[in-house]
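Here is a short briefing to read alongside your viewer. Please have the sequence and the model open as you go.

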Amino acid sequence: MDEFLTVTMVLFAVIDILGSIPLIISLRQKVGHVQSEKATLVATVIMIVFLFTGEKFLGLLGVDVNSFAVAGSLVLFFLAIEMILGIRIYKEENPDTASIIPIAFPLIAGAGTLTTIISLRAEYDYKIILAGIIVNSIIVYIVLKNTERLERLFGNSGLGILRKTFGIVLLAISIKLFTQNIKLLF
């Protein structure tokens, strides 16, 4: 039980769905609708597939985990810049795909989450990690399903403050991911 709680909490912290609320609301305002079920399902499948085949899959593509993390950090960097500066870099021509990119990947099942899953695999049994993924997916679904309520709860000014605050946090996470992994590439 201790291992399950540890894995679940580590994944919860890395996924940081609560910190992503302002970004999700912002994306929903841009594209009109976020498909909670689709985003959660795709993110869950990505995490589960990565649990079992992550390093091998990246190896087949000729990509190492560090390169993958650097690429994910750049996507998160630009999303954070949008949140902080109030500019629009990400332009989605097909709103249905916003549930997949950037919400399912890289926001939920991003480089940090997938790298963490690979790291956890070295320490914990796959069944415990799988249970942690499923619990976190349920939490993600609940948050995604309730973004409109959360938006009403916080109001425009509250969301603006949250967006900028979590934008800075997301920027810091992206820079940390970038710096930790870029030096391992050389």
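How do the residues of the lining of the largest pocket divide into nonpolar, polar and charged? The lining has 14 nonpolar, 6 polar and 2 charged residues. Please keep in mind that this is a predicted model.

**The largest pocket**

- The volume of the largest pocket is about 360 Å³.
- Its lining is made up of 22 residues, and Val14, Leu76, Leu170, Ile173 and Leu177 are the ones closest to the pocket centre.
- Two or more lining residues come from each of α1, α4 (65–85), α5 (100–108), α6 and α8 (147–185).
- The biggest share of the lining belongs to α8, which gives 7 residues.

**Helices α1 and α6**

- Helix α1 covers residues 2–15 and helix α6 covers residues 111–123; the two pack at an angle of about 160 degrees, and their axes are 9 Å apart.
- With angles over 145 degrees counted as roughly antiparallel, α1 is therefore roughly antiparallel to α6.
- The crossing of α1 past α6 is right-handed.
- On the α1 side, the contact uses Val7, Val10, Leu11, Val14 and Ile15, which meet Gly112, Thr113, Thr116, Ile117 and Leu120 of α6.
- Sorted by class, this contact of α1 with α6 holds 7 nonpolar and 3 polar residues, with no charged ones.
- Val14 is worth a look in your viewer: this residue takes part in the contact with α6 and is also among the residues closest to the centre of the largest pocket.

**Helices α3 and α7**

- Helix α3 (residues 36–60) and helix α7 (residues 126–145) cross at roughly 165 degrees, and their axes come within 9 Å.
- That angle makes α3 roughly antiparallel to α7.
- Here, too, you can check the handedness: α3 passes α7 in a right-handed crossing.
- From α3, the contact draws on Ser36, Glu37, Ala39, Thr40, Thr44, Met47, Ile48, Leu51 and Phe52.
- From α7, the partners are Tyr126, Ile129, Leu130, Ile133, Ser137, Val140, Tyr141, Leu144 and Lys145.
- The contact of α3 with α7 comprises 12 nonpolar, 4 polar and 2 charged residues.

**Helices α3 and α5**

- What is the angle at which α3 and α5 pack? The angle is about 40 degrees, with the axes 9 Å apart.
- The two helices, α3 and α5, are therefore oblique to each other.
- α3 and α5 make a right-handed crossing.
- Lys38, Ala39, Val42, Ala43, Ile46 and Met47 of α3 meet Ile100, Ile103, Ala104, Phe105 and Ile108 of α5.
- By class, the contact of α3 with α5 has 10 nonpolar residues and 1 charged residue, with no polar ones.

Technical notes:
Residues numbered from 1 in each chain as written. Predicted model: local features only at pLDDT ≥ 70, side-chain atom pairs only at ≥ 80, totals over all residues. Heavy atoms only, no water. Axes fitted to C-alpha atoms, helices over the stretch in contact; angles between N-to-C directions. Helix = DSSP H or I, 4+ residues; strand = E, 2+ residues; numbered from the N terminus. Parallel < 35°, antiparallel > 145°, perpendicular 65-115°, else oblique. Left-handed = near helix turned anticlockwise from the far one by under 90°. Contact = heavy atoms within 4.5 Å. Nonpolar A, V, L, I, M, F, W, Y, C, P; charged D, E, K, R; others polar. 1 Å grid on protein atoms, 1.4 Å probe; cavity = no way out; pocket = protein on both sides within 12 Å on 5 of 7 lines; lining within 4 Å. Points joined across faces, edges and corners; volume = space filled by probe spheres on them.
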